[in-house]
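Welcome, and let us look at this protein together. What do the words used for helix packing and cavities rest on?

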Amino acid sequence: MSHPHPELGPPPKLPEGGLRVTPLGGLGEIGRNMTVFEYGGRLLIVDCGVLFPEEEQPGIDLILPDFHTLRDRLDDIVGIVLTHGHEDHIGGVPYLLREKPDIPLIGSKLTLALIEAKLQEHRIRPYTLEVEEGHQERIGPFSCEFVAVNHSIPDALAVAIRTPAGMVVHTGDFKMDQLPLDGRLTDLRAFARLGEEGIDLLLSDSTNAEVPGFVPPERDISGVLRQVFSSAQKRIIVASFASHVHRIQQILDAAHEHGRRVAFVGRSMVRNMGIARDLGYLRVPAGLVVDVKTLDDLPDDEIVLVCTGSQGEPMAALSRMANRDHQIRIVQGDTVILASSLIPGNENAVYRVINGLTRWGANVVHKGNAKVHVSGHASAGELLYFYNICQPKNLMPVHGEWRHLRANAELGAQTGVPQDRIVIAEDGVVVDLIDGRAKISGKVQAGYIYVDGLSVGGVTESSLKDRRILGDEGIISVFVVVDSTTGKIVGGPHVQSRGSGIDDADFAQVIPKIDETLARSAQDGVAETHQLQQLVRRTVGKWVSDSYRRRPMILPVVVEV
């Protein structure tokens, strides 16, 4: 089993006839999925998603893949294949198309409809090529065959990429639900055929590789939802991903059965469900869905609200309801259903929302106390079955944190993939397929690119560190006026604090220390402003640390006159 090494340098030039695979996101994390394939000087991208921020990334809206390695090669990109319409696979597309708007997008009907609606908000009109399972398309030097896979959104596809270097199969996100709501199975016969032809490299979804057995059928949820609906006394509020069409369908069915009306809350939810309904992926009985503004005319026991916020996102509708910062007020007796899994890293935020909702009297139904979610990703039993069908010559686990990638690699080894042909990589690690063997050849830049409002890439790790310090420890500002010639104090020091937890009166203790430090520096002939600021910072910092065991941000301002 090969794996990355921190000392990896830039990869050498790709040998003629070789295929290069460069993951720019999705390895070592859940989200930001993006893989670049290179053959004959041309690039094919599979997916371009976003990662959602965690608590230690305050103020960040989204995290993008790093496009740095592509900027000088935008003209070499022949297309972006989108496996399905979830944000962690399409959310980064608008930001890449800002760099070159005419890169073709290839995907299924629903996937393209979702990304086109998103691009409309960015005022980008894309070039698109609609495909479906069974289609084969020539995209530059890449011959792509699309295979149906079952996932938690309709129209998901895997892609087999053929070049003279060999065939690579990228599963996208998939599971093997044998009783899917839409009747669209993962096409195991197609994968068996590809396996017979010879899969030189398989990139396989790793998200549930640690989970034994098989994922339960999606339709198992229906009975639980009916039970929740039949016992709910007042309003029912369901939080789900804005693209989880299958889950929303079951909510609509349960609402219709129990004589309730449904209103979608939140821009992305309204937009996506409107698209799914218009394209026929969502079956909506006449009169079932109403505008949220009409709910005041209905009794509470006839209302279902479907909103975003199942991951505890601070600005999503459900979080704002929990914080009493939304037009919809949670009241005693409301039932809230969190119909999704917990993305790793979001647990604290989700439980904070659950506690907030419970505080206002809601009965919160979630994965921890009822079967209201099944995963969209294949568990270990399905992956073993899948590998035995495909029999890949080389395996590269993708889409998962390190523990998922490792577990998936072990499953591949158990089914007979040789250890030295299993590649565990991480974002930026370059894998070359040459003469039928996949090996790590180097590493390229693949860091986090932060979106903060309209700023893309302007926020750095250093900026985030400053934000965390400000949030945790507060800020102390010190203002001093000194003589430009002698360096002696002629005004101040004035000390102010915000969020440091230190009483303003206590700063009288540090002012003599600042005076003493600057007097000593004046005697030594130090008059340069930056040096004086550093002396003030160190003096105040030591005093705060010794007296309070705290480390606030210290902002010294020294003005010369």
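The questions and answers below go through helix pairs and then cavities.

Q: What kind of model is this, and how are residues numbered?
A: This is a predicted model, in which local features need pLDDT of at least 70 and side-chain atom pairs count only at pLDDT 80 or more, while totals for chains, interfaces and linings use all residues. Residues are numbered from 1 along each chain as its sequence is written, and side-chain values use heavy atoms, with hydrogens and water left out.

Q: Why are α5 and α6 called oblique to each other?
A: Helix α5 (residues 220–231) and helix α6 (residues 245–257) pack at about 40°, with axes 10 Å apart. Angles under 35 degrees count as roughly parallel, over 145 as roughly antiparallel, 65 to 115 as roughly perpendicular and the rest as oblique. The pair α5 and α6 is therefore oblique. Axes here are lines fitted to C-alpha atoms, for helices over the stretch in contact, and angles run from 0 to 180 degrees between N-to-C directions. Helices themselves are DSSP runs (H or I, at least four residues), numbered from the N terminus.

Q: Which residues make the contact between α5 and α6?
A: On α5 they are Ile221, Ser222, Leu225, Arg226 and Phe229, and on α6 they are Arg247, Gln250, Ile251, Ala254, Ala255 and Glu257. Contact means heavy atoms within 4.5 Å. By class, this contact has six nonpolar, two polar and three charged residues. Ala, Val, Leu, Ile, Met, Phe, Trp, Tyr, Cys and Pro count as nonpolar, Asp, Glu, Lys and Arg as charged, and the others, Gly among them, as polar.

Q: What makes α10 and α11 oblique?
A: Helix α10 (residues 380–390) and helix α11 (residues 402–414) pack at an angle of about 45°, their axes being 9 Å apart. The two helices are therefore oblique to each other. Ala380, Leu383, Leu384 and Tyr387 of α10 meet Asn408, Leu411, Gly412 and Gln414 of α11. These residues divide into five nonpolar, three polar and no charged.

Q: Why are α4 and α10 described as oblique?
A: The axes of helix α4 (residues 188–197) and α10 cross at roughly 45° and come within 7 Å. That pair is therefore oblique.

Q: How many cavities of 30 Å³ or more does a search of the whole structure find?
A: The search finds three. On a 1 Å grid over the protein atoms alone, a cavity is a set of points where a 1.4 Å probe fits but cannot get out, and lining residues have an atom within 4 Å of a point.

Q: What lines the largest cavity?
A: The largest cavity has 15 lining residues, and Asn33, Thr35, His170, Val398 and His399 lie nearest its centre. Its volume is about 80 Å³, where a volume is the space filled by probe spheres set on the points, and grid points are joined across faces, edges and corners.

Terms used: 1 Å grid on protein atoms, 1.4 Å probe; cavity = no way out; pocket = protein on both sides within 12 Å on 5 of 7 lines; lining within 4 Å.
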